[in-house]
Amino acid sequence: MADSFDVVIVGGGPVGLWLACEVRLAGPSVAVVERRQDRVLQSRAGTMHSRTLEMFDLRGLADRFLAAGKHQPEWHYGMLDTQLDYSRLDSRFPQTLRISQATTEKLIRERATELGVVYLAGHQAETIRQDHSGVAVEGVSDKGRFELHGRYLVGCDGARSLTRQQAGIAFLGHEGTHSWLLGDVRLDLPEGKSPMTKYNEHGGLLIAPPGEDGRSRIVVTTPDETDPALFRQEPTLEELSRITRQILGTDYNMRDPFWLSRFSNETRLAERYRSGRIFLAGDASHIHAPFGGQGLNVGLQDAFNLGWKLAAVIKGEAHEALLDSYEEERRPVGKQLNDSTLTQNVLMTAFSQGGLGLRKMVSDCLAFPEVNEKIAGQISGFSVGYEDVGPLRGFSDTRCPPGAGIRAPDCRVRREDGSEITVYQLLSSGRWLHLSFGKGASVSLVDALRKESVIRVRSAERPTKFFDGAAAVLIRPDGYSAGVL
Ligand SMILES: Cc1cc2nc3c(=O)[nH]c(=O)nc-3n(C[C@H](O)[C@H](O)[C@H](O)COP(=O)(O)OP(=O)(O)OC[C@H]3O[C@@H](n4cnc5c(N)ncnc54)[C@H](O)[C@@H]3O)c2cc1C
């Protein structure tokens, strides 16, 4: 096996695997170093949001995920009574999808295999060092020591990231102050009782709809879960059942746990997402309590943002400066993610009389459709845009055309020969898309790209309101506009 790759990724969880897929799709070689021998079987992330489904749709993969999960139009915010209504999102996927992280990882891994990603299971990275020309990673596997070289290295190695530590990047934030207990368990729930949230002076509780194996995810806390010594204690079914009865008066015959765990509201954000040739993505760059089901979704979008940029620089299509836009675009999203979970944390630890009043007031506010839609847009990743970041540096064209950084919606376009295709289908090969209407204008940045990297389509008509008045639109490989003319 060659020991030199264009990109080496440390950590073969979902984010590392997805990043590998994106780099490989564009051509460069990539190796993933993963210390585990086997796949993760615990459900962990159970919520996939609609922007993530759109991301998979942009690569022609959404149906694989939809077939494996369960459609869920509403989901909780801060365990409040009023749920967020995702069915109002203007998307082909107005929903959240209940799908276990184990299944998500399995599907991404299948894609990585199809694309020829080198996946080195049972390889634990120990030392990472970089110089002006590349990065080396050394470590140990069951066959002995290994050393790999990459032009770039990305740490997708989770919350306790070795990459982050060895790159000297600070992880700014605070320790946990409150803990939650969770279990994937069997329950005898009466009809219509799931999903369920319950919150009172005894504690807070959330029951998600049953997963793929028929077990329900239950999450509980009480006002007393504030002792840091408790955070490290092994959870038990008895404890979960006791707290559930304390809040609900019943435990619905709780039994047969597949996974019991505890998490806290420890919240941190990497001070930088890049140090020279080393990058961070996913939990290596942001951690928080899993409220709203966002961490994996944001991590996958980090990878989607970085993959095509690394490939463009490796192929000599763009200058190094393009890589700086990764942190500029994605770190604010990580910050917003942490703010969102901290806000929910306030609501989810508000057991006093005033706190319960605050919860009722916010819950009532969520009943206003505009408020509900705004927060659903934020949590689902829908309202993420890069409009404020300025021109995409690294290309010979340095202007920032209007409309750059906006999420391009999917819609059908009619080509001049009369055939129809969707915008997302056109983007599925991971190239840029230049769409022009009418006489055929062109967004100037397109001239700075290689011909083979852009699909050019002249559309006979302007399909949705996003394209109203436009003569041409250039869309990046990750589905955000790079300019509207
Ligand atoms: C209870 C719970 C519920 C959650 N629910 C949701 C949800 O509904 N939606 C959502 O979006 N997110 C959710 N999350 C968050 C989600 O699980 C994480 O954000 C996600 O796992 C991050 O993926 P990752 O690939 O960045 O990191 P990880 O999944 O942690 O993967 C990192 C990988 O790196 C490997 N690794 C680490 N160090 C090394 C090394 N030195 N050498 C080699 N390999 C190494 C590890 O073995 C691991 O496989 C939840 C989390 C929890 C705990």
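Which strand holds Thr127? Thr127 sits in strand β9, residues 123-130. The model described here is predicted: local features need pLDDT of at least 70, side-chain atom pairs count only at pLDDT 80 or more, and totals for chains, interfaces and linings use all residues. Residues are numbered from 1 along each chain as its sequence is written, and side-chain values use heavy atoms, with hydrogens and water left out. Helices (H or I, at least four residues) and strands (E, at least two) are DSSP runs, numbered from the N terminus.

**Domains**

- The chain divides into domain 1 (4-46 + 100-174 + 268-349), domain 2 (179-264) and domain 3 (389-484). These bounds come from an automatic or database domain assignment.
- The centres of domain 1 and domain 3, taken over C-alpha atoms, are separated by 28 Å. Domain 1 gives 16 residues to the contact and domain 3 gives 14 residues. Contact means heavy atoms within 4.5 Å.

**The ligand and its shell**

- The shell around the ligand has 31 residues, and Glu34, Arg36, Gln101, Asp283 and Leu296 come nearest. A residue is near a molecule or strand if one of its heavy atoms lies within 4 Å of it.
- Domain 1 and domain 2 both give residues to this shell, so the ligand lies between them.
- The side chain of Gln101 has an N or O atom 2.7 Å from an oxygen atom of the ligand. A nitrogen atom of the ligand is 2.9 Å from a backbone N or O atom of Ala125. A polar backbone atom of Gly295 is 3.3 Å from an oxygen atom of the ligand.
- The protein buries 90% of the 1000 Å² that the ligand exposes when taken alone. Accessible areas come from the Shrake-Rupley method with a 1.4 Å probe; for residues, only the protein chains shown count as cover.
- Elements giving two or more residues to the shell are α1 (14-25), β2 (30-34), β9 and α8 (295-314).
- By type, the shell holds eleven nonpolar, 13 polar and seven charged residues. Ala, Val, Leu, Ile, Met, Phe, Trp, Tyr, Cys and Pro count as nonpolar, Asp, Glu, Lys and Arg as charged, and the others, Gly among them, as polar.

**Thr127**

- Thr127 is partly exposed, with a relative accessible area of 34%. Buried means under 20% relative accessible area, exposed over 50%, and partly exposed in between (1.4 Å probe, protein chains only).
- Leaving aside neighbours within four places in sequence, Thr127 is in contact with Ala136, Val137, Glu138, Leu162 and Gln166.
- Thr127 and Val384 are 257 residues apart in sequence, and their C-alpha atoms are 35 Å apart in space.

**His286**

- His286 lies in strand β21, residues 286-287. His286 is buried, at 0% relative accessible area.
- The side chains of His286 and Asp302 make a polar contact at 2.8 Å. A polar contact is a pair of N or O atoms within 3.5 Å; within protein, one must be able to donate a hydrogen and the other to accept it, and residues adjacent in sequence count only if both atoms are side-chain atoms.
- Not counting residues up to four places away in sequence, His286 touches residues including Phe171, Arg268, Tyr273, Gly295 and Asp302.

- Ser459 is in strand β25, residues 454-459. Ser459 counts as buried, at 2% relative accessibility.
- The side chain of Ser459 reaches the backbone oxygen of Glu461 at 2.7 Å.
- Beyond its neighbours within four places in sequence, Ser459 is in contact with residues including Val413, Arg414 and Phe437.
- Gly469 is in the loop between β25 and β26 (472-475). Gly469 counts as exposed, at 74% relative accessibility.
- Gly469 touches Arg462 and Leu485, not counting residues up to four places away in sequence.

**Backbone exceptions**

- Most residues other than glycine have a negative phi, and most peptide bonds are trans.
- Met79 has a positive phi, near 55°. Met79 is in the loop between β5 (74-75) and β6 (84-85), and is buried at 1% relative accessibility.
- Tyr252 also has a positive phi, about 50°. Tyr252 is in the loop between α7 (237-248) and β17 (255-264), and is buried at 13% relative accessible area.
- The peptide bond from Ser194 to Pro195 is cis, with omega near 5°. Pro195 lies in the loop between β13 (179-186) and β14 (196-200).
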